[in-house]
Amino acid sequence: MAELKRTPLYDLHVSLGGKMVPFAGWEMPVQFPMGVMGEHLHTRGKAGLFDVSHMGQVILRAPSGKAADAAQVLETAVPANIVGLGEGRQRYGLFTNEQGGILDDLMIANRGDHLFLVVNAACADQDIALLRKLDGVSVEPITDRALLALQGPEAVRVLSALIPAVAEMKFMDVAVLDWDGAEMWVSRSGYTGEDGFEISVPADRAEAFAKALLADEAVAPIGLGARDSLRLEAGMPLYGHDMDADVTPGAAALGWSIPKIRRTGGEREGGFPGADVILPELAEGAASKRIGLRPEGRAPIREGVAIYDAAEGGAQIGTVCSGGFGPSVGGPVAMAILPSGLSDGDTVYAELRGKRVPVKVSDLPFIKPDYKR
Amino acid sequence: MLKYTEDHEWLKQDGDEVTVGITAHASEQLGDVVFVELPEIGREVEKGEEIVVIESVKAASDIVAPISGEIVAVNDDLADNPGAVNDDAMAAWFFRIKPAAGEAIDGFMDEAAYKELIG
């Protein structure tokens, strides 16, 4: 096995009592002494600091030095409205394959003279290779910066004490700002369902910056365990679980990331891998779709649990793709890709250790996000 | 008599019944316990059989019967308050088992040996 990579915050995690585990080729904290439940609730109540430096940061440039030209090229790989993305704004998108499956999900920011992308750690090598095959853009993987996320209702107060300009930012705004002489790439976004920020920091300043945030009593370090339960409660899909190369955007319930302008009849219709599969499916409605599930009892249903349409016998209609306990919900929550037509309140059955347990279909997200729009 | 298994269970013998729980070390490893599924009273179990399911925020795990015998009591309080396992693992017992003929807990680790096991 290849040696695990460490982020610039590795020593800090260890000093804070982080339990380090292998994750997507990196050595990452899964939890701190507060524990997953406490970290989850702390993030929803105050502010959680996450190290997401393992994720891939990539700059995409066109020779013209215009982000719009890079956007046009990226639209051949990503079915989103990137050309229409304003300067200083960020958007969610998908890399798709010829079969209409999803290769990765990513964030795309327009920073005037280039695009800045954030991709999943496990997919970063694949994504960079894919981007390098595109004509007319240069691809610069950023390897000398850490990426931190500060999430929760107190995030804006805490971060604006260090970088006042962040208070003016709205959800999905991006900005390049100064902190103590360091160039910070800030976006008002995150993957927890909470208001918050993601901040790209020069690697050699990352620990000092993290410590400056942690100096505020509202901020606690948060590991991957709570990151997973937070995003699950927020109904956010995770690559490799709720979507992969065999799952279409329609089935992943991510059709919203493909706007009208890229769909059949739109001004920049298609032109991305798998369009011939993805667009008809979006027009007609996908046969199956990722939905929320709320088990009626206290027992969590986790990834891999089979879902049936009857309490006995019947047919298997799907499998849980993400599931666990939702600390803020106060009970188990899950997501599964199931035949379309099920609606909020319908009952399906999960086969848990040989027994069928009733599970209610639930609208996503399980918690109400509090973004500053 | 208090004994420990390699599966991080504690066993306490009172008369002809053995009370079984998990150790503080195990509860720390599991993290926050959110659900416990207990066996039925009266069930005859075989040593090594999985008879309790513990779900933490992180994952599901099992407790196996440390010895063969009959389940004579279960701690129903855990259904309403699974977090008691984290609060005080030695107090949050799971079940009581009446050992089958010839079964005994003498051979399991004492506290010193268990402490050595977990380091």
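Guide: A salt bridge is a side-chain nitrogen of Lys or Arg within 4 Å of a carboxyl oxygen of Asp or Glu. Two remarks on the source come next. This is a predicted model, in which local features need pLDDT of at least 70 and side-chain atom pairs count only at pLDDT 80 or more, while totals for chains, interfaces and linings use all residues. Residues are numbered from 1 along each chain as its sequence is written, chains are lettered from A and ligands numbered from 1 in the order in which they are written, and side-chain values use heavy atoms, with hydrogens and water left out.

Visitor: Which residue meets A:Arg262 in a salt bridge?
Guide: A:Arg262 lies in the loop between helix H7 (224–233) and H8 of chain A, and its partner lies 187 residues away, in the loop between helix H3 (67–74) and strand E5 (90–96). Helices (H or I, at least four residues) and strands (E, at least two) are DSSP runs, numbered from the N terminus. The side chains come to 3.6 Å, N to O, and the partner of A:Arg262 is A:Glu75.

Visitor: Are A:Arg262 and A:Glu75 buried or exposed?
Guide: Buried means under 20% relative accessible area, exposed over 50%, and partly exposed in between (1.4 Å probe, protein chains only). By this rule, A:Arg262 and A:Glu75 are both buried.

Visitor: Why does A:Glu154 count as partly exposed?
Guide: A:Glu154 forms a salt bridge with A:Arg157, the closest N and O atoms being 2.8 Å apart. A:Arg157 counts as partly exposed because its relative accessibility is 40%. A:Glu154 is likewise partly exposed because its relative accessible area is 24%.

Visitor: How many salt bridges are there between chain A and chain B?
Guide: Over all chains, the structure holds 24 salt bridges. Between chain A and chain B, the count is 4.

Visitor: Which residue of chain B meets A:Lys355 in a salt bridge?
Guide: A network of salt bridges links A:Arg302, A:Arg353, A:Lys355, B:Glu37 and B:Glu55. For A:Lys355, the distance is 3.8 Å, N to O, and the partner is B:Glu37.

Visitor: What is the area buried between chain A and chain B?
Guide: Buried area is the accessible area (1.4 Å probe) that two parts lose on being put together, summed over both. The contact, meaning heavy atoms within 4.5 Å, takes 13 residues from chain A and 14 residues from chain B. In chain A, A:Arg298, A:Arg302 and A:Arg353 lose the most area to chain B, together 46% of what that side buries. Carbon and sulfur atoms give 51% of the total, which is about 1200 Å².

Visitor: Which residues of H2(A) are buried?
Guide: Helix H2 (residues 35–45) gives the most to the side of chain A that touches chain B, with 4 residues. H2(A) is mostly covered, with 8 of its 11 residues buried. The buried residues are A:Gly35, A:Val36, A:Met37, A:Glu39, A:His40, A:His42, A:Thr43 and A:Arg44.

Visitor: Which residues touch the most other members of the largest nonpolar core?
Guide: A nonpolar core is a set of buried Ala, Val, Leu, Ile, Met, Phe, Trp, Tyr and Cys residues joined through side-chain atoms within 4.5 Å. The largest one has 60 residues, and those that touch the most other members are A:Met243, A:Leu293, A:Ile301 and A:Ile307.

Visitor: Why does A:Ala275 count as buried?
Guide: A:Ala275 is in helix H8 (residues 275–284) of chain A. Leaving aside neighbours within four places in sequence, A:Ala275 is in contact with A:Gly270 and A:Pro280. A:Ala275 counts as buried because its relative accessible area is 13%.
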